[in-house]
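This report describes selected local features of one protein model.

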Amino acid sequence: MQKGLKNRSAAVRPDNTGSGKMQSSLSVSDSDGSSFAPLVVLELAENTEAEAITWLLNRIKDKQQNGGAELLVEQLQVSGQDEQKRSPKVFLVGSTWQRLLSGAEDVGLFKEFYDGTMRGFTYANRENFKDFEGDGDGFLSIAECQYIIKHELDTLRAKGEEHVPGYPKVKLYPGKSVIRRLQSKGILVQCFPLHDKEELKRLSFSWYRKIKLSYQPLDDIRHYFGEGLGLYFGFLEYFTFALVPMAFIGIPYYLFAWEDYDRYVLFAVFNLLWSTVFLEVWKRCSAQLAYRWGTLSRKKAFEEPRPGFHGVLGFNPVTGREEPIYPNTKRQLRIYLVSVPFVLLCLYLSLHVMMIYFDMENWALSIYDEDPNFWTSVLLFIPSIIYAVVIELMNLLYRYAAEFLTHWENHRLESSFQNHLVLKVLVFNFVNCFASLFYIAFVMQDMVLLRQSLATLLITSQILNQVMEAFLPYWLQRRRNKKVHKRVKRMMGDKELPLVEQVQLESDMNTYLGTFDDYLEQFLLFGYVSLFSCVYPLAALLVVLNNITEIYSDAFKMCHVFKRPFSEPTSDIGVWQLAFETMSAIAVVTNCALIGLSPQVKAYFPEAETQLILTVVAVEHIILAFKFVLAFIIPDVPKHIQIKLAKLEFESLEALKKKKMLEAAEIPKTDK
């Protein structure tokens with residue numbers, strides 16, 4: 001896993017002068033003549049004032065004790081025709097190896113100790129960490145190096161400046177993040193990490209270039225893209241394998257019990273058990289990955305205000321710094337008086353569209369009844385296909401509206417922004433995608449139509465998602481710049497791009513917006529499988545096939561369509577874990593209700609409908625109680641990892657006691 005930077009063009013090894021010595025031809029020299037390999041690209045606006053550029057570069061290069069980032073930076077030299085077409089205000093940022101190691105301690109990086117435990121890295125104790133050899137070359141992964149540089153840039157703070165030089169209206173105050181301020185004002189256009197061509201080629205070959213039935217190289221993915229994407233692909237792989245038993249059981253149900261809806265009771269029972277165990281086992285898998293990658297025990301970094309956050313300048317009692325203050329009461333009023341009514345209005349429109357869909361279904365059915373033939377039988381599927389396309393369009397439009405509203409609510413922290421956005425999107429997507437199925441199942445009680453609608457919605461949404469997520473971004477990128485496309489093809493081949501062309505190529509690529517849409521797609525697929533798959537047993541098989549293609553398309557997308565994202569150190573899938581657990585609880589209610597509606601169960605209560613309802617409710621409560629008991633019994637973290645974490649905590653407490661005893665022993669000597 002620890003390939004490090006030995007073959008990385010951006011590797012920086014300290015020489016005797018400490019300035020850094022390159023291992024590859026892909027390098028630049030800073031103003032002091034020191035060679036370094038670029039790790040991160042900063043692109044400023046074309047009309048950026050010269051004094052602002054000089055000030056920013058000096059702050060990046062300045063020593064840490066003077067409030068600088070102490071990084072290496074140099075302007076990208078663009079010459080010839082490209083200089084007339086593009087902004088030359090692109091800067092390459094790198095670092096000495098010693099600075100990266102000290103930065104690893106600053107960000108609280110966890111690495112494997114010589115005894116096999118994961119511990120917080122300290123520069124003074126570096127020799128005791130596994131895989132630290134010589135000067136430490138290869139100790140840090142590529143993603144970790146770029147994350148450290150991003151952290152140092154983000155924590156670059158204003159000192160005594162009242163405004164950005166050359167921009168009197170762009171105010172600064174002590175403690176304000178310089179990079180975030182420049183981003184919010186459009187002076188800094190983009191900041192992204194560079195791809196490593198050799199590492200990318202190796203990862204592509206082991207990941208998606210060969211069609212094979214095997215596990216993904218999760219450690220290599222994490223090594224190159226960081227823990228956030230590593231966990232997403234780990235979850236995608238786990239979800240796909242977990243669906244295989246459901247798919248195998250669903251095939252004979254589809255082939256031999258298609259029209260016998262009495263038999264779906266057994267499949268619904270299995271569905272309940274599967275959805276209960278699925279997420280509990282994933283927690284353990286997630287904990288193992290997070291511990292191996294050093295993020296399970298890692299403390300979360302103190303969150304800075306979002307770049308778009310605004311308010312009246314005030315005093316933060318926690319940090320002791322000046323920053324914008326926005327009244328929480330005002331934010332709550334915006335949420336409850338504007339956002340909530342807007343979401344409710346959108347839900348109403350979604351339900352209205354659903355009723356139009358049912359009118360279309362009745363129209364198609366009436367035509368079929370009048371003249372049953374091949375073409376009228378095909379017509380029966382047209383309303384569901386149109387409705388599935390409309391659902392995807394409504395989801396897309398609502399997503400833009402939800403982002404706008406959440407920005408307008410002016411949340412201070414990125415985590416708060418993401419939580420409110422996820423809540424808005426999940427509520428609407430759940431109602432928009434599943435309301436028609438609930439109506440068919442429990443109001444119309446038409447299992448034939450439910451099966452047909454579920455199959456059509458699932459297949460259509462999968463096709464649209466593949467087009468929107470894989471083919472469309474690549475096609476748009478190709479159409480936007482044919483020259484860039486040729487360079488992509490060259491980058492995928494054996495030839496090596498010059499540094500200038502590589503930077504221009506990657507700056508033109510689309511920006512990856514995170515795993516939000518990827519998790520959302522899996523959430524909806526999980527809903528299709530867990531809620532109603534007992535009436536359409538092939539749902540699990542279709543999702544397995546979809547996820548296999550999803551793995552390959554997402555891998556290609558990450559490697560060749562989008563800019564390389566910065567690493568996101570994370571120990572779990574965050575708020576999405578709660579979302580999947582909520583869907584799993586709803587699945588219990590849905591499957592119990594479907595069991596209660598089956599003729600097989602109704603036969604036991606021929607004249608006692610109330611007793612049937614009470615029995616179904618009682619069984620549903622018992623299963624929900626079983627879910628919570630199971631969640632309590634199955635530990636989220638495996639026992640051997642719990643022991644290692646407890647051992648580390650014990651040793652930390654003992655070291656703290658010893659330190660206090662030594663300090664107490666030194667006090668009398670000082671008094672004498």
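## The second largest pocket

With nine residues, helix 14 gives the most to the lining of the second largest pocket. The model is a predicted one, in which local features need pLDDT of at least 70 and side-chain atom pairs count only at pLDDT 80 or more, while totals for chains, interfaces and linings use all residues. Residues are numbered from 1 along each chain as its sequence is written, and side-chain values use heavy atoms, with hydrogens and water left out. Helices (H or I, at least four residues) and strands (E, at least two) are DSSP runs numbered from the N terminus.

The pocket holds about 1,000 Å³ of space. A pocket is an open set of points on a 1 Å grid over the protein atoms alone, where a 1.4 Å probe fits, with protein on both sides within 12 Å along at least five of seven lines; lining residues have an atom within 4 Å of a point. The volume is the space filled by probe spheres set on the points, which are joined across faces, edges and corners. Of the 31 lining residues, Leu396, Arg399, Met468, Glu469 and Asp517 lie nearest the centre of the second largest pocket. Two or more lining residues come from each of helix 12, helix 13 (414–444), helix 14 (447–480) and helix 17 (516–532). The lining comprises 16 nonpolar, six polar and nine charged residues; Ala, Val, Leu, Ile, Met, Phe, Trp, Tyr, Cys and Pro count as nonpolar, Asp, Glu, Lys and Arg as charged, and the others, Gly among them, as polar.

## A nonpolar surface patch

Phe374, Trp375, Val378, Phe381, Ile382, Ile385, Ile386, Val389 and Leu393 make a nonpolar surface patch of about 840 Å². Helix 11 (374–379) and helix 12 (382–408) are the elements that give two or more residues to the patch, and the largest share, five residues, comes from helix 12. Patch residues have over 30% relative accessible area and no salt bridge, and nonpolar side chains (Val, Leu, Ile, Met, Phe, Trp, Tyr) are joined within 5 Å. A salt bridge is a side-chain nitrogen of Lys or Arg within 4 Å of a carboxyl oxygen of Asp or Glu. Areas come from the Shrake-Rupley method with a 1.4 Å probe; for residues, only the protein chains shown count as cover.

Phe381 is found in the loop between helix 11 and helix 12.

## Positive phi angles

Asn410, although not a glycine, has a positive phi of about 65 degrees. Asn410 lies in the loop between helix 12 and helix 13.

Notes:
Patch = residues over 30% accessible without salt bridge, like charges linked within 9 Å, V, L, I, M, F, W, Y side chains within 5 Å.
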